[in-house]
Amino acid sequence: MIQKKVEALALKLPFRPGVGMMIINKNNRIFVGKRIDSKTNGWQMPQGGINLGETPSAAALREMAEEIGSNQGKIIAESKKWYSYRLPPFLVHKLWGGKYCGQRQKWFLIRFTGEDSDINVKTKHPEFDSWQWVGVNELLENIIPFKYKLYSKIIAEFKEFIKSED
């Protein structure tokens, strides 16, 4: 009964405006970080919110620097549409002060132009405790489960840019 009420309340909440970044290296492998706050195998691509008055592309580059400790990247594609995902009900009250049911995001494909040594996930407010480059199939095998459909759509949209030997 309580679970149903929690789910009903979560459905009424708005989506948080945000950005997602598919950061690829020179070998078209995709950056993923393992979330610090996840007890499971919680790998994901960097993402974050859009500040008031900030453009989505500026937010993506800012979030990249904040989350991977490097701003060495160039936007090479922007998603044609906004994508959204819902949080599982048990997470709604734990994230963003319980104000959002999930995120509505503009996604950016970013070519990482630095060296691996330029990446440092031990940032001022770390979100990841480790990171790696993965191929498309590895990405889908190891991501946070509730983001599977979203990531599949992002991969489909950016597939012409990320042809890799998986």
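**Side-chain contacts**

Modeller: E63 is buried, with 7% relative accessible area. Buried means under 20%, exposed over 50%, and partly exposed in between, using a 1.4 Å probe and protein chains only. The model is predicted, so to speak of local features takes pLDDT of at least 70, and side-chain atom pairs count only at pLDDT 80 or more, while totals for chains, interfaces and linings use all residues. Numbering runs from 1 along each chain as its sequence is written, and side-chain values use heavy atoms, with hydrogens and water left out.

E63 forms a salt bridge with R62; their closest N and O atoms are 3.0 Å apart. The criterion is a Lys or Arg side-chain nitrogen within 4 Å of a carboxyl oxygen of Asp or Glu. Through shared partners, salt bridges join E54, R62, E63 and E66 into one network. The structure holds seven salt bridges.

R35 takes part in others. Its bridge to D37 has closest N and O atoms 2.9 Å apart. R35 is buried at 16% relative accessibility, and D37 is partly exposed at 48%. E127 also bridges to R35, at 3.5 Å between the closest N and O atoms. That pair links distant parts of the chain: E127 sits in the loop between β6 and β7, R35 in strand β2, 92 residues apart. Helices (H or I, at least four residues) and strands (E, at least two) are DSSP runs, numbered from the N terminus. E127 is partly exposed, at 26%.

Now the rings. The whole structure has eight aromatic pairs. Phe, Tyr and Trp rings (the six-membered one for Trp) pair with centres within 6.5 Å; planes under 30 degrees apart are stacked, over 60 edge-to-face, the rest tilted. F31 and W133 are edge-to-face, 5.8 Å between centres and 80° between planes. F31 lies in β2 (30–35) and W133 in β7 (128–134), so the pair ties together parts 102 residues apart in sequence. F31 is buried at 0%; W133 is buried at 11%. Ring pairs connect F31, F112, F128, W131 and W133 into a cluster.

Last, the nonpolar cores: buried Ala, Val, Leu, Ile, Met, Phe, Trp, Tyr and Cys residues joined through side-chain atoms within 4.5 Å. The largest has 25 residues; M22, I30 and W107 are among those with the most contacts inside it. Its largest share, five residues, comes from α5. A second, separate core of 15 residues includes M21, A60, F108 and W133.
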